Amino acid sequence: MAWENPCQEAAKSKPLFVTIYATVIIGIFFSSVYVFSAIYSSKPPDAEISLSFPHSGGDPLHEAQNSSLSTTSLSPAKSRSTLLKPIWEPPSKTKKMPPLKSFRLTKELVEKRVKDNIIIVTFGNYAFMDFILTWVKCLTDLGLSNLLVGAMDTKLLEALYWKGIPVFDMGSHMSTIDVGWGSPTFHKMGREKVILIDTILPFGYELLMCDTDMVWLKNPLPYFARFPEADVLTSTDQVVPTVLDDRLEVWQQVTGAYNIGIFHWRPTEYSKKLAKQWKELLLADEKIWDQNGFNDIVRRQLGPSVDGESGLVYAYDGNLKLGLLPASIFCSGHTYFVQAMYQQFKLEPYAVHTTFQYAGTEGKRHRLREAMVFYDPPEYYNSPGGFMSFKPSIPRSLLLDGEHNVESHFSAVNYQLKQIRTALAIASLLNRTLVMPAIWCRLDRLWFGHPGVLEGTVTRQPFICPLDHVFEVNVMLQNLPQQEYGPRIDIREYSFLDNPALPREVKESWLDVQLCQVGSKDCHVTDNSSAPGLLRFPKYGNEETYKTVFSSFKNVKVINFLSIQDAFTGFADKEREQKFRRRVKRYVGIWCCVTNRTIGHIYYDMYWDEKPGWKPLPPQTPEEDHPPV
């Protein structure tokens with residue numbers, strides 16, 4: 001080819017072309033000199049990708065590059081540095097932890113984690129350690145390591161440091177416990193977020209700020225890059241779709257609040273001005289919720305559209321360019337867990353934020369586990385006492401016949417509750433962890449009166465509802481006093497046995513239990529399996545029978561009942577029976593809400609079938625407004 005020896009090719013050509021070839025070659029030579037000079041003299045933000053974090057004079061916590069980066073430094077001055085450890089690779093235990101001051105949030109500290117001028121940040125206290133580990137794990141699994149975690153207490157800071165996770169000290173000196181949504185400390189956390197944004201933006205980096213109760217399912221950075229003119233891109237609480245593809249929401253049609261759990265900031269003049277004013281607003285009035293403050297400021301001026309294509313809108317002061325991330329793929333707890341909007345639109349979700357949920361932090365954690373996107377330690381998947389599961393039976397008519405109304409909804413859920421009650425009793429008796437079944441609902445649950453599902457949403461009826469729609473997950477996981485409530489009954493999410501993290505030794509240690517009529521063939525009390533992996537067990541078993549037969553299978557990891565109806569007659573010890581009843585009565589929650597009622601919620605009742613004529617009705621008076629006795 002000509003470019004293998006351009007001078008020789010030029011010599012073979014006519015004189016006119018000799019001049020042309022010579023001119024071209026000289027031009028290429030000087031262009032190459034200029035390009036390589038620019039590369040080695042400049043210092044882009046991600047040039048120093050192999051730096052210690054943080055540095056304290058001793059062996060530092062090492063950091064990794066994103067998978068797309070070269071394994072050598074781009075800067076000649078740093079090329080002699082050895083490769084440093086990636087995220088999740090802890091520092092040597094032989095070294096002391098660096099002093100607290102080395103974890104202060106500075107531009108230099110952030111620069112060590114930046115890639116493509118972007119930093120991804122979350123923050124929290126020790127109570128959210130497992131959420132933070134999940135957040136980091138999801139990002140690193142996606143090949144993203146340009147992240148930082150702000151620690152609001154030293155216990156979290158130290159724990160993350162020793163796990164090899166990039167962390168900085170927020171200087172908050174906050175409590176290590178779960179503060180609870182809406183508490184004064186919760187509002188303080190919101191102010192810390194605004195202070196963080198206001199601090200980081202002047203560093204000159206794009207900031208993807210996230211709450212800890214969300215997870216990343218797909219690398220979002222290419223999506224954000226589609227809107228280079230945007231100053232701020234924010235998620236929303238929109239539940240009615242305004243687009244059916246992956247475009248930004250149509251801002252004129254969005255009625256839900258702008259949710260600040262997921263949002264992307266560029267360090268522009270107008271975004272920095274917004275962050276500063278937002279911070280000043282919150283610091284001046286401790287009663288303002290950070291999200292409400294953001295919505296109030298941003299909506300001061302809303303419109304017109306920036307152009308006819310991008311979906312961006314002028315907001316705040318008329319100069320800031322705002323984009324509203326589509327709720328179908330930057331999902332809320334409603335669009336993901338209830339509507340499954342991304343599935344219906346055949347889209348790939350980028351993220352899910354555990355909003356629109358119940359039962360507090362435990363409810364959030366359980367939802368992420370149901371979706372198999374929560375990072376649990378290995379022991380979670382291998383309980384010492386083993387597991388118990390069952391296949392629920394639901395007549396088609398209870399789910400599909402007639403109108404979807406309060407009566408049909410409770411008929412379907414109550415039918416399932418009775419089976420779950422039996423399963424809880426057997427799990428308690430056998431001292432096994434119960435894998436909860438998927439629960440089918442005919443109506444949505446919200447905080448206010450509604451006609452069953454919200455108008456304009458794509459909620460399918462019936463649908464598999466999150467456990468916290470029916471059960472008080474936080475109560476189920478509490479250590480209730482055994483003297484009053486009997487033994488604790490551990491639970492797992494309905495998707496547990498399908499989770500890829502489930503170890504092989506659990507998957508392969510399995511016994512199916514088939515209930516049979518007493519007197520029928522091969523239906524008798526025995527601890528011998530009727531066939532490999534199958535046990536035929538008589539219906540209406542009592543406590544003694546269960547203990548006798550299943551003591552021979554205590555080393556089996558999973559005992560799975562192919563049906564559970566009429567499986568157990570109850571505890572022989574009446575005191576234990578009463579304690580069990582007290583326990584499981586507390587497990588169920590409410591459905592909400594009937595419209596046009598002062599008290600619109602209806603309590604689920606674990607023992608509804610023992611009350612002749614039971615009907616799903618709201619409490620008639622404040623005195624009646626309490627869980628069933």
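Which residues of strand S10 are buried on one side, and which on the other? Keep that in mind as you open this predicted model and select residues 320–324, which make up S10. On one side you will find Leu320, Leu322 and Leu324, and on the other Lys321 and Gly323, with both faces covered.

Select strand S6, residues 232–236, which pairs with S10 in the parallel sense over 3 bridges; here Thr234 has Leu324 as its bridge partner. Then show strand S9, residues 313–315, joined to S10 by 3 bridges but running antiparallel. Ala315 is bridged to Leu320. S9 and S10 form a hairpin with 4 residues between them, and Tyr316 in the turn has a positive phi of about 65°.

Next, move to helix H18 and select residues 543–550. At its start, look for a side-chain oxygen of Asn542 within 3.3 Å of the backbone nitrogen of Glu544. Colour Glu543, Thr545, Tyr546, Val549 and Phe550, the buried residues of H18. Looking down the helix axis, you will see them fall within an arc of 165°, so they line one face. Their cover includes H14 and strands S18, S19 and S20.

Zoom in on Phe550: among the residues it touches are Leu430, Val513, Leu535 and Phe561.

Finally, step back to the largest nonpolar core, which has 56 residues; Tyr546, Phe550 and Phe561 are among those with the most contacts inside it. Helix H14, residues 406–430, gives the most to this core, with 12 residues. Apart from this core lies another, of 41 residues, including Val136, Leu147, Tyr350 and Ala351.

Key: Residues are numbered from 1 along each chain as its sequence is written. This is a predicted model: local features need pLDDT of at least 70, side-chain atom pairs count only at pLDDT 80 or more; totals for chains, interfaces and linings use all residues. Side-chain values use heavy atoms; hydrogens and water are left out. A nonpolar core is a set of buried Ala, Val, Leu, Ile, Met, Phe, Trp, Tyr and Cys residues joined through side-chain atoms within 4.5 Å. Buried means under 20% relative accessible area, exposed over 50%, partly exposed in between (1.4 Å probe, protein chains only). Helices (H or I, at least four residues) and strands (E, at least two) are DSSP runs, numbered from the N terminus. Contact means heavy atoms within 4.5 Å. The arc is that of the directions from the helix axis to the C-beta atoms. A polar contact is a pair of N or O atoms within 3.5 Å; within protein, one must be able to donate a hydrogen and the other to accept it, and residues adjacent in sequence count only if both atoms are side-chain atoms. Two strands pair if DSSP finds at least two bridges between them. Lists of a residue's contacts leave out its neighbours within four places in sequence.
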